[in-house]
Structure formats: structure tokens, C-alpha cells
Amino acid sequence: MTEQSHLAVRAEDSDKATVLCLTGRLDGTNTAILEAAVAGHLEAGETLLLFDLENLIYISSAGLRVLLIIARKMQAQSGKALFCGFSEEISQVFEVSGFKDVLSVYRGRADALAAA
Amino acid sequence: MGDLAKHVGDTGVLSIDLSPDLNEALTVLAEVVERFAEAEAVAGTVPFRLNLVLDELVTNCVSYALRDVPEPQLRLRLRRCANVLVAELEDNGPAFDPLTEASTPDTTLDLDERNIGGLGVYFVKQFAADAEYECVDGLNRITLRLNLEADDND
């Protein structure tokens, strides 16, 4: 029996970027769901992906790793991954890990798109 | 997970054996933390932090320490003592102290240089008030303490 934490990834188009809204948990059981959801956007050569984490209730180091890998892949193809919508808890995780300084982090969707 | 409630006794101590299968262990852990937090009226960021530190230790344990153990055992105990949550994790893998033997990641490197990994134990040290390792009767035991937030002290 394979169990997975719940994670849903919904893509929305905006003028500047594809916005990927994450709902649920991102941990060691389900990072493949996010990788699969992002693969098509990477292959299509999209230059801007905005990850809206507003409805993400949990992330572990395994989840952070996947976000870092995605950000690197985007950078490698001259694109950029942006992140916004942090809960207090996830904000702490980004702070402690130092990912806040490494990744492009914004308060809300509008801030991220305005800076893009 | 409908029978999880029976693991929480009247004394507020929860004890559960976790599966050596990573996905199963992590999904059960999330459920256990949520139910324990509800039962003990723990709110704020504490349930998240408790889940995170246990997730990182369970992941390391199942992925490495217990990988070659014929009859792997991984037991979690949770209890609340006044304004402190105490979590104990015991496994029967080879004696190993992840708290001293894991390297500390450099959190100042940039996107390309940043090493992927080593964050798990660092999170344990940062998000728990206290983490202690001991080897007891041939078992590895890690005891974690998390302080409850002001909102929980009613």
C-alpha cells in the first residue's frame, strides 16, 4: 500500500507568468506530484513560474529540496521561479533554512508579478 | 486512522509504532500529530513544528538507520507536561546519534552553491527547544521538547 499526503497543484495563467497554486502538504511522500506538475512548464521553456503557497499547510526539508531544484532548473534555462503566499509556519521554515535569501520570495501574488 | 484515538490514553500519553515504510510512516505521523494537538488543545505554530522535527527524524531513520535491520522498530511517544510537549522516538537501528554526527548546512550560500540536503537535523535543532540523544537497552532514543506558545497556556 502506498500512502501519500494530499497535494494539489492548480495552474492559472496570468499576463506575465504561470501561477501554480499549491494546496495541501509538500513532504517526502509526494514531491513527485509537484515535479510532474512542473515538468510540462519547464519543457515548454516558460520563463516565469510563480508558486502561490497560500493554501500549503505543511512543508518539510524534502519539499524545500524540490522547490530549490525547480528554481535551479528555471535559472538554468534563463527563467525564474517566484514564491509567494507564506503562512507564519512556512515563512519560519524559509527563514531558518536560509531559502528566503536564495529564492525569489514575495508577500503576495501582486507583489511577485509587479517585481517580475 | 479511525482507531487512532485509542492510542491517546487518559493520561495524555500517546504511543504508536510507525511503519518502516517512509510514505506510511509520514502519513501516519501527520495524522498522529494533528490528533494529539487537538486532544491536548495545542495551537499556534507548535503542531507544525512538532510535525516537522519528527518528520525529519523519522525520514532519516527509515531511509538510513533501519534500512538493513531485519525487524525494524520505530516507536513514537508524545506527552504534554504543563507547557512543554515531549516527543520520544526510539528505533532499533545501529547505535547512531544524528544530532552530533550530522553536519550543519551553510545556509548562506546562493542558489547554485546551495547543497541540497543536511537540512533535516538542522531543523530539529532550530525548531525544538531541546533535543537529546541516548542509547538505552540497545535502542536509539531521541527526546525532543517543544515549548507551548502563550496562547496555549490557558
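Buried area is the accessible area, taken with a 1.4 Å probe, that two parts lose on being put together, summed over both. In this predicted model, chain A and chain B bury about 2600 Å² between them, and 62% of that area is on carbon and sulfur atoms. The contact draws on 32 residues from chain A and 30 residues from chain B. Between chain A and chain B, 6 residue pairs are in polar contact, counting pairs with both residues at pLDDT 80 or more, while the count of salt bridges between the two chains is 0.

On the side of chain A that touches chain B, the elements giving two or more residues are strand 3 (48-59), helix 2 (61-76), helix 3 (88-97) and helix 4 (99-102) of chain A. Helix 2 of chain A gives the most to this side, with 8 residues. By residue class, the side of chain A that touches chain B divides into 14 nonpolar, 11 polar and 7 charged residues.

B:Asn23 is placed in helix 1 (residues 22-39) of chain B. A polar atom of the side chain of B:Asn23 lies 3.1 Å from the backbone oxygen of A:Glu3. The relative accessible area of B:Asn23 is 16%, which is under the 20% cut-off, and B:Asn23 is therefore buried.

The largest nonpolar core contains 71 residues, of which A:Leu34, A:Phe51 and B:Leu54 touch the most other members. Helix 2 (residues 46-65) of chain B supplies the largest share of this core, 10 residues. Leaving aside residues up to four places away in sequence, A:Leu34 touches A:Leu7, A:Val9, A:Leu22, A:Leu26, A:Phe51, A:Val66, A:Leu67 and A:Ile70. Another core, of 9 residues, lies apart from the largest one; among its members are A:Ala17, A:Cys21, A:Leu50 and A:Leu82.

Helix 3 of chain A, already listed among the elements on the side that touches chain B, has buried residues at A:Glu89, A:Ile90, A:Ser91, A:Val93, A:Phe94 and A:Ser97. An α-helix has 3.6 residues a turn, so residues three or four places apart point the same way. The cover over the buried residues of helix 3 of chain A comes from both chains: it includes strand 3, helix 2, helix 4 and strand 5 (104-106) of chain A, together with helix 2 and helix 4 (119-127) of chain B. Just after helix 3 of chain A, A:Gly98 adopts a positive phi of about 85°.

Methods. Residues numbered from 1 in each chain as written. Chains lettered and ligands numbered in written order. Predicted model: local features only at pLDDT ≥ 70, side-chain atom pairs only at ≥ 80, totals over all residues. Heavy atoms only, no water. Contact = heavy atoms within 4.5 Å. Salt bridge = Lys/Arg side-chain N within 4 Å of Asp/Glu carboxyl O. Polar contact = N/O pair within 3.5 Å; in protein donor to acceptor, adjacent residues only side chain to side chain. Helix = DSSP H or I, 4+ residues; strand = E, 2+ residues; numbered from the N terminus. Nonpolar A, V, L, I, M, F, W, Y, C, P; charged D, E, K, R; others polar. Core = buried A, V, L, I, M, F, W, Y, C linked by side-chain atoms within 4.5 Å. Buried < 20%, exposed > 50% of the residue type's maximum accessible area, 1.4 Å probe, protein only.
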